[in-house]
Amino acid sequence: MTTRSAEHPRPDHFLLHISDTHLLAGGGRLYDRVASEDHLRRLFDEFEASGARPQAIVFTGDLADRGEADAYRRLRRIVDPVAEDLDAQVVWVMGNHDERRAFRTELLGEAPSDAPIDAVTHVGGLRIITLDSTVPGRHHGEVGDGQLEWLRAELAEPAPHGTILAMHHPPVPSVLELAASVELRDQRNLEEALVGTDVRSILAGHLHYSSTATFGGIPVSVASATCYTQDLNVPVGGTRGRDGARAFNLVHVYPTTVLHSVVPLGAFPHLDWIDADESRRRLEASGLRLAPEALVPAG
């Protein structure tokens, strides 16, 4: 029997993409019913049960619903032990519900400041740039001229495995008309800064539903919220939040592509089960070979 290799090798990098946790101080509930902390804990319980090992966990904003210091501390108490168990870096991104001073102090361990929170994280040969698109006191997004200048300077030198840009406000249209009031403004300026660079994917949140598009030819992946989501089957022109349909994303970075996969939260009836050993046996029996593990260290 002839053995052939699969069309794609195993990925170079693996990221867990989570968005819009909206935690409250004191463990409060959104709309007096949505237990944001419980949903985030359930997400990690379900994810860790899979045995998957991401190199980084990327949170794309609205981590605290009111920007309260205690909400960030509660978030750290949930996330830090998981990140340690997974040996994964944590990448925090500002959202419009977040507050820069408390965010810096509680999540980054830095002195409080009102300056935009832009940063670079290296995961092996992959560069993750976090861009603060928030406008204090407002819900729409903007990226200032100084930020764009910083971004251009950083992108002037390509990274070995390319760059992932993580931000809260996605530079894409929304199927919900009201979302135009909280969109990222002056998107053309950002596009001009990105075209021709090594940015391979843009990760975002804000919309509270999963969505994909392209921006300047770059794939954009919007992760749904872990707290509550938007119903896209709402009567046309309306907006309706719902206590359900939560999800998170998996991001696999291959030599020639970036794969974004949506994972719904919750347990559903199983139809069958094929474990890893049986999967390998069936692949071998079919004469198909997967390339050896290609993931590089996270440092």
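Author: This is a predicted model. One place to start is histidine 206, which sits in the loop between S8 and S9.

Reader: Is histidine 206 buried or exposed?
Author: Histidine 206 is buried, because its relative accessible area is 10% and the cut-off for buried is under 20%.

Reader: What is phi of histidine 206 near?
Author: Phi of histidine 206 is near 75°, a positive value in a residue other than glycine. Most residues other than glycine have a negative phi.

Reader: Where else does a residue other than glycine have a positive phi?
Author: Aspartate 87 is one of them, with phi near 55°. Aspartate 87 belongs to the loop between helix H2 (69–86) and S4.

Reader: And aspartate 87, buried or exposed?
Author: Aspartate 87 is exposed, with a relative accessible area of 61%.

Reader: Back to histidine 206. Which residue is in contact with it?
Author: Serine 19 is one of those in contact with His206. Leaving aside neighbours within four places in sequence, serine 19 also contacts Thr60, Gly61, Ala204, Gly205, Ala223, Ser224, Ala225 and Thr226.

Reader: Where is serine 19, and is it buried or exposed?
Author: Serine 19 lies in the loop between strand S2 (13–18) and helix H1 (36–49). Serine 19 is buried, at a relative accessible area of 1%.

Reader: Ala204 was on that contact list. What does alanine 204 stand opposite?
Author: Alanine 204 stands opposite valine 222 in S10. S8 and strand S10 (residues 218–222) pair in the parallel sense, over three bridges.

Reader: How many strands form the sheet, and in what order?
Author: Six strands form an open sheet, in the order S5-S6-S7-S8-S10-S9, and the pairing is mixed. Strand S5 (119–123) and strand S9 (211–215) are the edge strands, each pairing on one side only. On average, neighbouring strands of this sheet are turned by 20° against each other, direction ignored.

Reader: Which helix packs on the sheet?
Author: H4 packs on the sheet and touches S5, S6, S7 and S8. The direction of H4 makes about 175° with that of S6. H5 packs on the sheet too, touching S6, S7, S8, S9 and S10. The direction of H5 makes about 70° with that of S9.

Reader: Which residues of H4 are buried?
Author: In helix H4 (residues 145–155), Gln147, Leu148, Leu151 and Leu155 are buried. These four cover an arc of only 100° around the axis, so they are on the same side of H4.

Reader: What covers the buried residues of H4?
Author: The cover includes strand S6 (126–131), strand S7 (163–167), helix H5 (187–194) and strand S8 (199–204).

Reader: And what does the face of H4 turned away from its buried side carry?
Author: That face of H4 carries the exposed residues Asp145, Gly146, Glu149 and Ala153.

Reader: New topic. How many aromatic pairs does the structure hold?
Author: The structure holds five aromatic pairs. In one of them, the rings of phenylalanine 47 and phenylalanine 248 have centres 6.1 Å apart and planes at 85°, so the pair is edge-to-face. Phenylalanine 47 is in helix H1 and phenylalanine 248 in strand S13 (residues 247–253), 201 residues apart, so this pair links distant parts of the chain. Both phenylalanine 47 and phenylalanine 248 are buried.

Reader: Which pair is stacked?
Author: Phenylalanine 59 and tryptophan 92 form a stacked pair, at 4.9 Å centre to centre and with 25° between the planes. Phenylalanine 59 lies in strand S3 (residues 56–60) and tryptophan 92 in strand S4 (residues 89–93), so the pair ties together parts that are 33 residues apart in sequence. Phenylalanine 59 and tryptophan 92 are both buried.

Reader: Which residues do ring pairs link into a cluster?
Author: Ring pairs link Phe14, Phe47 and Phe248 into a cluster.

Reader: One more. Where is leucine 232, and what is it in contact with?
Author: Leucine 232 is in the loop between strand S11 (229–230) and strand S12 (241–242). Leaving aside neighbours within four places in sequence, leucine 232 contacts Val175, Leu176 and Tyr209. Leucine 232 counts as partly exposed, at 40% relative accessibility.

Technical notes
Residues are numbered from 1 along each chain as its sequence is written. This is a predicted model: local features need pLDDT of at least 70, side-chain atom pairs count only at pLDDT 80 or more; totals for chains, interfaces and linings use all residues. Side-chain values use heavy atoms; hydrogens and water are left out. Buried means under 20% relative accessible area, exposed over 50%, partly exposed in between (1.4 Å probe, protein chains only). Helices (H or I, at least four residues) and strands (E, at least two) are DSSP runs, numbered from the N terminus. The arc is that of the directions from the helix axis to the C-beta atoms. Contact means heavy atoms within 4.5 Å. Two strands pair if DSSP finds at least two bridges between them. Axes are lines fitted to C-alpha atoms, for helices over the stretch in contact, and angles run from 0 to 180 degrees between N-to-C directions. Rings of Phe, Tyr and Trp (its six-membered ring) pair if their centres lie within 6.5 Å; planes under 30 degrees apart count as stacked, over 60 as edge-to-face and the rest as tilted.
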